[in-house]
Amino acid sequence: MRCKFAETLSAADAQAEVRRYQAWNLGAIDHDTVEAAWAIESRCQLPYWDALMLAAASGQGCSALLTEDLPHEQLIDGVRILNPFVVGPEWLDAPPVAPPE
């Protein structure tokens, strides 16, 4: 089944949208990321795909990961897990959660 869009984008508008996403500087899933994911998977008893998201976020220097699939406010490898249905944009001003000692 095909779906038609109500509006079409001009080539210039489509290129502008692609350029917006290119600014995100997405990282590649490389050997180090996969190794880090396996370590997180084992250490935290997480499914591989969740561990891979955390490893990629950590490798890119992200301070937070928005997901409803992992425990809210948990800190794993420097990445703070936040449920976007629990917090709003004010979390940007909140200090990071300290790891347990």
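## Partly exposed, and what that covers

A residue counts as partly exposed when its relative accessible area falls between the buried range, under 20%, and the exposed range, over 50%. Arginine 43 has a relative accessible area of 49%, so this residue is partly exposed. Keep in mind that you're looking at a predicted model.

## Salt bridges

How many salt bridges does a search of the whole structure find? The search turns up three. Here's the general idea behind them: side chains of opposite charge can pair when their charged atoms come close.

Let's start with arginine 43, whose salt-bridge partner is aspartate 77, with 2.5 Å between the closest N and O atoms. Arginine 43 sits in helix H2, while aspartate 77 is in the loop between strand S2 (75-76) and strand S3 (79-82), so this pair ties together parts that are 34 residues apart in sequence. Aspartate 77 is partly exposed too, with a relative accessible area of 39%.

Another salt bridge joins the side chains of glutamate 17 and arginine 20, at 2.8 Å from N to O. Both residues belong to helix H1 and are three residues apart, or about one turn of the helix. Glutamate 17 has 31% relative accessibility, which makes it partly exposed.

Then there's glutamate 73 with arginine 80, where the closest N and O atoms of the salt bridge are 3.2 Å apart.

In soluble globular proteins, nonpolar side chains tend to be buried together. In this model, the largest nonpolar core has 13 residues, and the ones touching the most other members are Ile40, Leu46, Leu54, Leu70 and Ile76. Which elements give two or more residues to this core? They are H2, helix H3 (48-59) and S3. H3 provides the largest share, five residues.

Now zoom in on leucine 70. Leaving aside residues up to four places away in sequence, leucine 70 touches Leu46, Asp50, Leu54, Leu65 and Ile81.

Why does leucine 26 count as exposed? Because its relative accessibility is 69%, and the exposed range is over 50%.

Notes: Residues are numbered from 1 along each chain as its sequence is written. This is a predicted model: local features need pLDDT of at least 70, side-chain atom pairs count only at pLDDT 80 or more; totals for chains, interfaces and linings use all residues. Side-chain values use heavy atoms; hydrogens and water are left out. Buried means under 20% relative accessible area, exposed over 50%, partly exposed in between (1.4 Å probe, protein chains only). A salt bridge is a side-chain nitrogen of Lys or Arg within 4 Å of a carboxyl oxygen of Asp or Glu. Helices (H or I, at least four residues) and strands (E, at least two) are DSSP runs, numbered from the N terminus. A nonpolar core is a set of buried Ala, Val, Leu, Ile, Met, Phe, Trp, Tyr and Cys residues joined through side-chain atoms within 4.5 Å. Contact means heavy atoms within 4.5 Å.
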